[in-house]
Amino acid sequence: MISWRKHYKQTLIAIGLLLSTSASIYGQDGDPKNGEKLFKANCTACHALDKQVVGPPLKGVVERVKTEGGVDKDWLHKWIKDNKALRASGDKYANEIFEKFNKTEMQVFPNLTDKDIDDILAYTTNPPAPEEKKPAAGTATATDAAAAPANNTTTSVVIISLLAIAALLVWILIKLRQLVKLGQSEDLAGLNETRVKSFSEIYEKYHYVGKAALGILALLAAYGVWNWIMWIGVYKGYKPEQPIYFSHKIHAGEQKIDCQLCHSSAKYGKVSEIPSMNVCMNCHRTISEYNADHYMEPGKDKAFYDGEIQKIYAATGWDPAKQVYTGKTQPVEWTRIHNMPDFVYFNHSQHVVAGEQAIINSFNKKNPNNKIDVVCKACHGKIDTMNVVQMANDFTMGWCIECHRTTEVDMNNGYNKEYFKNLHDKLKKQYPQDGGKITVDAIGGLECGKCHY
């Protein structure tokens with residue numbers, strides 16, 4: 001009898017423990033680590049664990065749907081694989097969620113197996129602890145912060161010591177000079193009285209040398225003024241600070257975003273316009289924070305990048321918490337970097353379309369150790385390596401003419417091959433000495449009216 005009661009009590013305790021931990025076990029019969037990978041690959045475009053993005057936060061979603069909708073994990077499997085079919089079947093809770101989130105269509109995932117979904121749900125229920133990250137390059141550690149005051153103190157001591165030594169040397173030189181004067185003989189004192197002491201006397205004695213020196217100075221001054229005039233309006237290296245920090249190295253370099261995705265008018269328009277903030281929102285509607293730990297600029301941290309993303313939201317009037325546009329926008333006053341004078345005509349499409357391959361080939365031939373793969377880099381430099389965009393070339397008339405004189409016309413360009421066939425045949429006969437190689441200047445690239453009007 002005592003033995004039966006003992007086992008009975010143990011059984012009740014075991015059942016109680018199982019019931020108390022049922023909520024945790026409910027979503028954890030998968031692999032959270034694999035679920036993290038699947039979550040990042042399939043879900044992060046619209047969801048985060050701890051905040052609303054396009055869809056709701058998914059941390060604890062298993063327990064939440066059980067509490068709110070009275071549904072189990074099997075319902076989540078149906079919802080994730082094909083939520084449209086579930087809604088079409090008349091499922092009440094599925095249609096409530098659809099209405100709650102502004103009838104935003106959720107992507108279907110028929111490719112995910114039941115095991116994959118279990119892994120994802122295990123991750124949302126009990127995400128693995130993040131690994132300790134090494135401080136990014138340029139981020140000060142606690143040791144660095146402690147060492148900084150000591151370094152400053154050492155520097156101050158060294159500077160004070162050097163100033164004291166310099167003062168001592170000056171004092172010694174003054175005393176030596178006084179001693180020399182005291183020991184001067186009468187003959188030397190008389191000689192000092194006969195020295196030439198005025199500039200007019202010196203000039204009278206050496207006027208030929210003086211005139212020659214003045215002539216050389218005048219020539220140097222004239223050259224300096226001429227050189228200064230010639231470089232008015234040339235701003236190579238100019239890189240102003242922008243109201244919203246935008247790193248081309250992160251977007252075009254690290255993320256491999258094509259230039260023309262943002263500067264869409266460069267290929268078919270006269271100017272390469274500044275993208276509107278709506279173009280930024282195509283991506284940053286769902287990318288609300290910076291998580292690219294593999295690249296962090298020196299002196300900048302995650303908080304800095306996240307703050308710049310918030311500036312985009314402020315400019316477009318986007319409320320990331322409610323996932324709606326408020327209508328309260330703020331204009332962004334970008335500082336223009338590349339700007340041609342009013343009397344210069346430059347057409348981007350003519351160079352990007354008609355001259356694309358010819359410009360790339362010519363540039364790579366002249367710069368074998370600094371080759372480019374996109375025509376934009378020929379003028380704007382390797383912009384995919386720039387955190388802060390700067391003017392990479394002179395953009396002078398001579399710089400443009402040199403390019404027209406050395407860039408060969410691409411006779412096989414698909415955009416103009418047939419249209420210009422007769423002209424190309426005529427040019428080949430006109431310039432037989434060049435082996436059929438025609439440069440831009442041969443087709444009017446140096447005519448004044450091509451660029452000035």
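**Briefing: helices, salt bridges and a pocket**

The buried residues of helix 14 pack against helix 12 (248-254), helix 15, strand 1 and strand 2. Here, contact means heavy atoms within 4.5 Å, and buried means under 20% relative accessible area, with exposed over 50% and partly exposed in between (1.4 Å probe, protein chains only). Helices (H or I, at least four residues) and strands (E, at least two) are DSSP runs, numbered from the N terminus. Keep in mind that this is a predicted model: local features need pLDDT of at least 70, side-chain atom pairs count only at pLDDT 80 or more, and totals for chains, interfaces and linings use all residues. Residues are numbered from 1 along each chain as its sequence is written, and side-chain values use heavy atoms, with hydrogens and water left out.

**The chain as a whole**

- Of the 453 residues in the protein chain, 26% are buried.
- If you take contacts in the protein chain between residues at least 6 apart in sequence, 65% of them join residues at least 24 apart.

**Helices with a buried side**

- In helix 14 (residues 277-284), the buried residues are Met-277, Met-281 and His-284.
- They sit on the same side of helix 14, because they cover an arc of only 75° around the axis (the arc is that of the directions from the helix axis to the C-beta atoms).
- Helix 4 (residues 61-69) has Val-61, Val-62 and Val-65 as its buried residues.
- These cover an arc of only 110° around the axis, so they too are on the same side of helix 4.

**Salt bridges**

- Searching the whole structure turns up eleven salt bridges, each one a side-chain nitrogen of Lys or Arg within 4 Å of a carboxyl oxygen of Asp or Glu.
- As background, side chains of opposite charge can pair when their charged atoms come close.
- Arg-87 pairs with Glu-105 in a salt bridge, and their closest N and O atoms are 3.0 Å apart.
- Arg-87 is in helix 5 and Glu-105 in the loop between helix 6 and helix 7, so this pair ties together parts that are 18 residues apart in sequence.
- Arg-87 is buried at a relative accessible area of 12%, while Glu-105 is partly exposed at 46%.
- Lys-311 and Glu-308 form another salt bridge, at 3.2 Å from N to O.
- Both Lys-311 and Glu-308 belong to helix 15 (residues 302-316), where they are three residues apart, about one turn of the helix.
- Lys-311 is partly exposed at 36% relative accessibility, and Glu-308 is buried at 9%.
- Asp-373 makes a salt bridge with Lys-377, with 2.8 Å between the closest N and O atoms.
- Asp-373 is exposed, with a relative accessible area of 56%, whereas Lys-377 is buried at 12% relative accessibility.
- A network of salt bridges links Glu-289, Lys-302 and Asp-306.

**A buried Asp with no salt bridge**

- Asp-116 belongs to helix 7 (residues 114-125).
- Asp-116 is buried yet has no salt bridge, and the nearest side chain of opposite charge is Lys-115, 6.3 Å away.
- For charge, Lys and Arg count as positive and Asp and Glu as negative, while His and the chain ends are not counted.
- Leaving aside residues up to four places away in sequence, Asp-116 touches Leu-38 and Asn-111.

**The second largest pocket**

- The second largest pocket holds about 760 Å³ of space.
- Its lining has 34 residues, and those nearest the centre are His-47, Pro-56, Leu-58, Trp-79 and Met-106.
- Helix 4, helix 5 (73-88), helix 6 (92-100) and helix 7 each supply at least two residues of this pocket's lining.
- Helix 5 gives the most to the lining of the second largest pocket, with six residues.
- A pocket is an open set of points on a 1 Å grid over the protein atoms alone, where a 1.4 Å probe fits, with protein on both sides within 12 Å along at least five of seven lines; lining residues have an atom within 4 Å of a point.
- Grid points are joined across faces, edges and corners, and a volume is the space filled by probe spheres set on the points.

- Gln-323, a residue other than glycine, has a positive phi near 60°.
- Gln-323 lies in the loop between strand 1 (318-319) and strand 2 (324-325), and is buried with a relative accessible area of 9%.
- Phe-395 also has a positive phi, near 55°, and is a residue other than glycine.
- You will find Phe-395 in the loop between helix 18 (376-380) and helix 19 (397-406).
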